Amino acid sequence: MSAVIPVRVRRPLLSRVFTSSHRDLAILWLLLALAAVILGTLLSLAMRIHRVWPMLPFPFYGVPTPEQYLAGVTMHGTLMIFFVLTVVPQAAFPNLVLPAQIGASRMAFPRLNAAAFWIGFASFLALIAAFFVPQGAPIGGWTAYPPFSEIAAAGPGQGAGMDLWLVSILLFCAASLAAAFNFLVTILARRAQGMTLGRMPLTVWSWLVSSALTVIAFSALLAAAFMLLADRHFGTGFFLPAGEVVNGIRQRDPAAPGSPMLWLHLFWFFGHPEVYISILPGMGLASSLIANFTRRPVPGYRFMVTATTLIGFLGLGVWGHHIFVSGMNPYAGTAFGLTTIAIAVPSSAEVLTWLAMLFRGRIRLTTPMLFTLGFISFFIAGGLTGPVLAQPALDAYLHNTFFVVAHFHLVMAMAGVFSVFAGIYYWYPLLTGRRMNEVLGNLHFWISLIAAYGTFFPMHFAGLAGEPRHYAQLSGPVESFASLIPVEKGITFSALLLAAAQLIFLFNVFRSARHGIAAGENPWRATTLEWSPNAHPIIESGPYVYGPGVASQDDFRPQWAFAENRNGSPGECSPPLKQE
Amino acid sequence: MPATFTRHTVETERKDTGYGGKPPLDRRPTGGGGGDDNWDSRPHGRRGPREMLIRFRLTTLSILTADFVLFAVLITFFYVRPTAGHVSASENFISDWHPLSVPPILWLNTAVLLLSAVTAEIARRQLFHEIDVMEEWLGLGRPAVRRAAPWLAATIALGGLFLAGQWTAWHQLASEGLRASSNPNCYFFYLVTITHGVHLLLGLLALVFAMGAMFGFKRVELRQVAVDCSAWYWHAMGLFWGFIFTLLVVAQR
């Protein structure tokens with residue numbers, strides 16, 4: 001299969017939906033993520049508006065209750081973390097380019113790969129169904145801490161809604177595991193001739209590490225979620241403490257109390273590697289794109305591979321920093337604080353490498369590069385508060401404040417989303433044969449950048465002032481947070497602007513599919529194999545051979561260059577790119 | 001796959017013994033046929049008879065890694081929970097973790113599972129017995145399948161026996177009044193044994209599939225893959241059971 005898909009091949013819709021072709025599955029995953037991100041964004045906007053105008057009724061809905069606000073928090077978190085920040089970097093993007101980047105014509109297990117999508121889709125439906133059952137969606141947050149998540153009477157949505165949430169999570173674990181098995185084996189066993197491990201693009205290395213993390217983390221969540229389900233329905237009491245009283249009614253006492261702390265540990269043993277599952281592919285992409293748009297090789301390729309692997313490895317040992325104030329042994333807190341600070345070392349190493357590549361580089365500010373710079377900016381801005389929150393003593397104050405919200409929305413959400421945008425702008429020609437509009441792309445980037453900082457940066461100050469998370473409203477009989485209302489309003493306006501800017505992106509995506517300028521075969525003059533016109537390349541060089549003088553006629557040598565030389569003329573066996 | 005890819009020029013090695021000596025030797029790792037006999041550098045599907053096997057073994061390995069974590073997570077409860085307890089009204093620390101003496105039939109089950117691992121391994125090895133495989137590959141008959149089938153059938157029977165034994169054990173415990181919801185140790189016992197039982201049931205289905213595959217599949221490699229992967233899965237489940245059983249017997253507090 002050629003890397004550049006002919007544009008106007010009409011295939012029946014059904015054969016594109018029920019397919020085992022990885023490119024088609026990438027589009028399906030992207031559409032699923034699009035549905036999730038639209039819903040998640042609308043929920044977040046509703047929450048922002050409710051926080052600053054608590055009495056404002058929503059059209060066709062009315063004024064949300066505090067419980068409905070919490071349901072919004074839960075569903076926003078679940079949708080964004082699982083169906084956007086996991087699905088795009090760890091399912092859609094690898095389906096889009098992973099086989100091509102290692103010179104394989106297809107995945108190792110195409111049907112397993114397709115099954116992963118459909119299980120993921122079922123998981124999405126189960127989650128959405130939670131909105132429509134009696135009492136609505138669960139209100140326990142995306143972390144589902146017991147005993148709140150154990151007892152149906154604990155609040156609206158903790159009955160059928162919580163069950164559906166658990167089913168959705170179990171299915172999502174199965175989907176992620178299936179996808180990860182396939183990616184691991186594809187990377188390890190289906191590389192083309194000459195594609196040694198040391199010649200894989202850093203994106204592929206990231207997917208290798210994040211797939212390994214997926215295998216470990218998601219099976220832990222699978223087991224924990226199953227134990228919670230057993231508690232709810234099979235009468236066990238793994239996580240259920242004794243003597244729970246809700247509204248004066250004593251709840252089901254297990255024969256002996258369980259340990260809610262165990263859930264916290266198990267959940268975050270999944271939850272923290274999950275952060276790296278969603279950000280490592282973005283880091284690999286950043287390395288590739290900076291190399292491309294500065295026309296420089298990645299310095300210390302092996303070093304970057306080591307840093308990526310080290311981040312993955314250390315990421316398995318830091319989960320405790322999410323639960324410093326939960327009653328965990330303080331000595332354990334110190335240990336987790338240390339491992340957390342240790343993980344800043346390889347992360348900083350990667351950031352410094354990027355900065356070194358940018359330093360005095362002749363940067364071509366295309367839209368994908370802009371979004372990569374945005375990614376780095378957010379990664380640094382959000383990352384710097386990481387070592388702050390890693391101190392158990394500081395965390396005792398900052399925990400559950402908006403400082404934490406600011407931290408993870410910058411370092412995970414915004415950095416993650418900006419790298420997703422970078423990937424979409426960069427790989428768009430693979431799907432359509434056209435480039436996205438640069439003017440609209442620039443507009444989208446600058447508005448998003450400013451609005452994202454406007455939304456999440458002031459949250460640091462609100463958090464330092466003590467503003468708590470998860471409160472449906474700040475005004476009321478107690479005026480403690482009244483002074484924060486102006487900041488909150490600014491954040492809400494900024495969030496609305498941020499969401500509106502994404503309309504530019506959607507418009508650009510759909511318009512450029514028909515009216516974008518034709519991309520040609522290798523629009524970014526990239527070296528990695530997804531742009532190769534050859535079906536069976538033979539690889540003789542590393543992934544980032546850029547710079548003056550590396551090739552006789554150009555400033556880069558693609559990984560498929562050797563095959564071209566051998567075949568005579570470059571791109572001999574490539575089908576003509578159809579253009580209008 | 002070699003760590004680095006270098007095109008070999010044909011190097012000859014001549015021991016200068018002065019007279020006669022060895023013929024020129026091709027230094028490449030595979031035979032001196034002159035062609036590029038390095039399977040790793042060929043296109044997919046042409047990397048030798050073990051290419052598919054390696055791919056499926058890798059998959060089995062990653063699935064088993066996930067399973068390992070899954071069981072490890074379940075087992076954390078066994079270590080975390082006994083340390084918990086509550087303080088009574090008279091300020092005494094009450095531990096409510098009751099040791100569970102496992103039903104004796106589990107010893108028998110363990111022996112059966114151990115035996116089934118042996119039979120599974122014998123069946124697996126038959127499929128790789130070189131002379132037989134060569135015969136099958138040439139289409140002269142199916143000696144490997146013929147020899148493996150009884151051992152595989154024995155594995156399936158022993159596996160079924162193990163599951164029946166587990167079923168009996170659950171019934172025995174239940175008749176003593178120890179159900180899944182009785183006490184924390186019971187939560188753990190039922191959870192971990194049932195999860196393992198479900199895994200073993202899947203393994204049993206895989207073995208049945210492998211049995212069918214041995215007679216149904218035309219390609220020798222596919223027959224090998226089916227038997228090999230289900231056997232390794234079976235071994236892993238045996239290993240997991242060994243650990244769980246040791247835990248249940250030795251580490252009861």
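B:N109 is buried, because 23 other C-beta atoms lie within 10 Å; a residue is called buried if 20 or more other C-beta atoms lie within 10 Å of its own, with C-beta atoms placed from the backbone. B:N109 belongs to helix 2 of chain B, residues 105-126. Helices here are DSSP runs of H or I with at least four residues and strands are runs of E with at least two, numbered from the N terminus.

Leaving aside residues up to four places away in sequence, B:N109 touches B:F162, B:G165 and B:Q166. Contact means that the C-beta atoms of two residues, placed from the backbone, lie within 7 Å. The C-alpha atoms of B:N109 and B:A164 are 8.9 Å apart, although 55 residues separate the two along the chain.

## Chain B as a whole

Chain B has six helices and four strands, in the order β-β-α-β-β-α-α-α-α-α along the sequence. Of its 253 residues, 31% count as buried. Among contacts between residues at least 6 apart in sequence, 70% join residues at least 24 apart.

## Where chain B meets chain A

Here 34 residues of chain B are in contact with 35 residues of chain A. On the chain B side, helix 1 (51-80) and helix 5 (184-216) are the elements that give two or more residues, and helix 1 of chain B supplies the largest share, 15 residues.

## Reading notes

Residues are numbered from 1 along each chain as its sequence is written, while chains are lettered from A and ligands numbered from 1 in the order in which they are written. In this predicted model, local features need pLDDT of at least 70 and side-chain atom pairs count only at pLDDT 80 or more, whereas totals for chains, interfaces and linings use all residues.

Definitions and conventions. Buried ≥ 20, exposed ≤ 12 C-beta atoms within 10 Å, placed from the backbone.
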